[in-house]
Amino acid sequence: MARVSRVGRNKSCPCGSGKKYKQCCERKESRLSPAAWLAIAGIAAAVLAALVFSFSSATQVATGICPPGQVWSMDHGHCH
């Protein structure tokens, strides 16, 4: 079995930048990829949209309050 050598956090970075490993490549390895951030943002936006939609429709159905100029329709369950 081959032994994998680990670079200490306070040792010089093996990439040759002259910085300590903890200030250079260690940070790069622990970052999320742009695709992962995009997926997280998409999921968050979908959850927020679902929450806003469910709250707005549930409020109308429960209270029957319509915007000015509209009336509540008992047959359809929404404002006209």
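How many helices and strands does the protein have? This predicted model has 2 helices and 2 strands.

View 1. Helices (H or I, at least four residues) and strands (E, at least two) are DSSP runs, numbered from the N terminus. The model is predicted, with local features needing pLDDT of at least 70 and side-chain atom pairs counting only at pLDDT 80 or more, while totals for chains, interfaces and linings use all residues. Residues are numbered from 1 along each chain as its sequence is written, and side-chain values use heavy atoms, with hydrogens and water left out. Of the 80 residues in the protein, 9% are buried. Buried means under 20% relative accessible area, exposed means over 50%, and partly exposed lies in between (1.4 Å probe, protein chains only). The exposed surface comes to about 7,000 Å². Carbon and sulfur atoms supply 64% of that surface. Areas follow the Shrake-Rupley method with a 1.4 Å probe; for residues, only the protein chains shown count as cover. Among contacts between residues at least 6 apart in sequence, 0% join residues at least 24 apart. A contact is a pair with heavy atoms within 4.5 Å.

**View 2. Glu26 and Arg9 form a salt bridge.** A search of the whole structure finds 1 such bridge. The N to O distance is 3.0 Å. Glu26 sits in helix H1, Arg9 in the segment before H1, and the two are 17 residues apart. A salt bridge puts a side-chain nitrogen of Lys or Arg within 4 Å of a carboxyl oxygen of Asp or Glu. Side chains of opposite charge can pair when their charged atoms come close. Glu26 is partly exposed at 25% relative accessibility. Arg9 is also partly exposed, at 48%.

**View 3. Cys25 is in contact with Cys13 and Cys15, leaving aside neighbours within four places in sequence.** Cys25 belongs to helix H1. Its relative accessibility is 17%, so Cys25 counts as buried. Cys15 lies 10 residues from Cys25 along the chain. Their C-alpha atoms are 7.7 Å apart.

**View 4. Lys19, Arg27, Lys28 and Arg31 make a surface patch of positive charge.** Patch residues have over 30% relative accessible area and no salt bridge; like charges are joined within 9 Å, nonpolar side chains (Val, Leu, Ile, Met, Phe, Trp, Tyr) within 5 Å. Lys and Arg count as positive, Asp and Glu as negative; His and the chain ends are not counted. A charge is placed at NZ of Lys, CZ of Arg, CG of Asp or CD of Glu. Arg31 lies in the loop between helix H1 (25-30) and helix H2 (34-63). Arg31 is exposed, at 61%.

**View 5. Leu32, Trp37 and Ile40 make a nonpolar surface patch.** The patch covers about 320 Å². Trp37 is part of helix H2.
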